[in-house]
Amino acid sequence: MTQETFRALVLTQQDKDTRYAFQNLTLDALPEGDVLVNVAYSSLNYKDGLAVTGKGKVVRKFPMVPGIDFSGVVAKSDSKDFKVGDEVVLTGWGVGESHWGGFAQKARVNSEWLTRLPRGLDLEQAMAIGTAGFTAMLSVMALEDRGLKPGDGPVVVTGAAGGVGSVAVALLAKLGYTITASTGRAELRDYLETLGANEFIGRQDLGRDAKPLEKETWAGAIDTVGGQTLATVLSQMRYGGTVVACGLAGGTALETTVFPFILRGVALLGIDSVMCEAKRRKRAWSRLAADLPPDRLSKMTHKIGLSEIPRLADSILKGQVRGRVVVDVNATPS
Ligand SMILES: NC(=O)c1ccc[n+]([C@@H]2O[C@H](COP(=O)([O-])OP(=O)(O)OC[C@H]3O[C@@H](n4cnc5c(N)ncnc54)[C@H](OP(=O)(O)O)[C@@H]3O)[C@@H](O)[C@H]2O)c1
């Protein structure tokens, strides 16, 4: 009897260089886990760009199937929590880094990593949201938890035309906040306006040296860029303002002073989507189903097949991808 095969993007390492290949694999190649999933969609995130190009030390062992998230249908289960036919979503937990991930038609994973597809979303929408959108929701929830309300003043979103940024803008707009979108791509202002941005600030206006304290401007901030941008945003926070740091697209170093914290009571909150605990994860997915308008989600998303991942992996690191990229792992290769 011939074994069932499935298609996967596989990364290997040779002389410290990361190489990719598309392979047809059999189920016995998959790692251990109590649930086998027929993957429907994955998505392309900044971290996937780092993994596939080998430009970041994201992959912990080789060979690796990258893809830090996926949605799909349970095909086999040894877990009491899931049965064949259940629709599931997975983001994080080291999948696509230390455990084979979503850039394949099958995945075998630990059941504790799976979240049920929330009511109101289909499998494709779940990956249009993906890790980036989930992180944007966690960021908005962190602002809310510190008491930020729509009437408090403008919220700045940096790296606004990227994946996390686009979802953050759409969510904040739906919730009634006034949003200033920071982007390095002036040509995408119309796009950001359709998602709900009210004002704009250029990437270079935040990515410059800042004084320890500048004019009090923002009541809240979601920063996907890090580095100098984060330092400048901190110096421009209003009294009692909250900054959520969730990304590093512009750098990892943070040179700032204590003044925003001790003279303006500013809070700097960190977001980690990978190890986020199950209860908060579930809440974030329900909120996404309720608060992210589907028409705006579809405006920010485009769909590719597995074979287009390597090209776009390079583009996402260069800040050239707009919004979100869904990967249809079952699309016929072009
Ligand atoms: N904390 C977590 O758990 C978590 C989860 C998901 C993602 N992230 C991080 O969040 C960041 C965004 O992820 P993503 O998937 O949304 O990536 P993305 O789609 O590439 O978005 C990043 C955006 O940042 C801006 N940008 C790119 N290079 C820049 C540079 N050199 N200087 C300043 N701005 C730059 C661009 O926006 P404009 O063109 O609009 O300027 C770009 O679209 C990444 O650093 C990622 O690792 C963290």
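# Notebook: strands, domains, ligand shell

Started in the strands: Phe70 stands opposite Leu90 in β5. This is a predicted model, so I keep that in mind for everything below. The pairing behind that couple is β4 with strand β5 (residues 87-91), antiparallel, over five bridges. On to the pairing with β3: strand β3 (residues 35-44) and strand β4 (residues 69-77) also run antiparallel, here over seven bridges. I picked out one couple there, and Asn38 stands opposite Val73 in β4. A reminder to myself for reading side chains here: in a regular strand they alternate between the two faces of the sheet.

**Domains**

Next I looked up the domain assignment. I get domain 1 (5-117 + 300-328) and domain 2 (131-270). Their C-alpha centres lie 29 Å apart. For the contact between them, I find twelve residues of domain 1 touching 13 residues of domain 2. On the domain 1 side, the touching residues divide into three nonpolar, six polar and three charged.

**Ligand**

Where does the ligand shell lie relative to the two domains? I note that domain 1 (5-117 + 300-328) and domain 2 (131-270) both give residues to the shell, so it lies between them. I have 33 residues around the ligand, and the closest are Gly159, Gly162, Gly247, Gly250 and Gly319. The elements giving two or more residues to this shell are α1 (46-53), α2 and α3 (163-174). By class I have 13 nonpolar, 16 polar and four charged residues in the shell.

**Core**

Then the inside. I see 100 residues in the largest nonpolar core, and Val155, Ala168 and Val169 have the most contacts within it. Which helix gives the most to this core? It is α2 (residues 123-145), with twelve residues. The core takes at least three residues from each of domain 1 (5-117 + 300-328) and domain 2 (131-270). I followed up Ala168: leaving aside neighbours within four places in sequence, Ala168 is in contact with Ala136, Ser139, Val140, Val157 and Ile222.

**Cys276**

I checked this cysteine separately. Cys276 is in the loop between β13 (267-270) and α8 (278-291). Not counting residues up to four places away in sequence, Cys276 touches Gly92, Leu138 and Arg281. I also took a distance to Leu292, 16 residues along the chain from Cys276: the C-alpha atoms are separated by 20 Å.

Last, the torsions. Most residues other than glycine have a negative phi, and most peptide bonds are trans. Here are the exceptions I wrote down.

- The peptide bond from Phe62 to Pro63 is cis, with omega near -5 degrees. I place Pro63 in the loop between α1 and β4.
- Asp15 has phi near 50 degrees, a positive value in a residue other than glycine. I find Asp15 in the loop between β1 (5-14) and β2 (17-26).
- Lys16 comes out exposed, with 6 other C-beta atoms within 10 Å.

Notes. Residues are numbered from 1 along each chain as its sequence is written. This is a predicted model: local features need pLDDT of at least 70, side-chain atom pairs count only at pLDDT 80 or more; totals for chains, interfaces and linings use all residues. A nonpolar core is a set of buried Ala, Val, Leu, Ile, Met, Phe, Trp, Tyr and Cys residues joined through C-beta atoms within 7 Å. A residue is buried if 20 or more other C-beta atoms lie within 10 Å of its own, exposed if 12 or fewer, and partly exposed in between; C-beta atoms are placed from the backbone. Helices (H or I, at least four residues) and strands (E, at least two) are DSSP runs, numbered from the N terminus. Domain bounds come from an automatic or database domain assignment. Two residues are in contact if their C-beta atoms, placed from the backbone, lie within 7 Å. A residue is near a molecule or strand if its C-beta atom, placed from the backbone, lies within 6 Å of it. Ala, Val, Leu, Ile, Met, Phe, Trp, Tyr, Cys and Pro count as nonpolar, Asp, Glu, Lys and Arg as charged, and the others, Gly among them, as polar. Two strands pair if DSSP finds at least two bridges between them.
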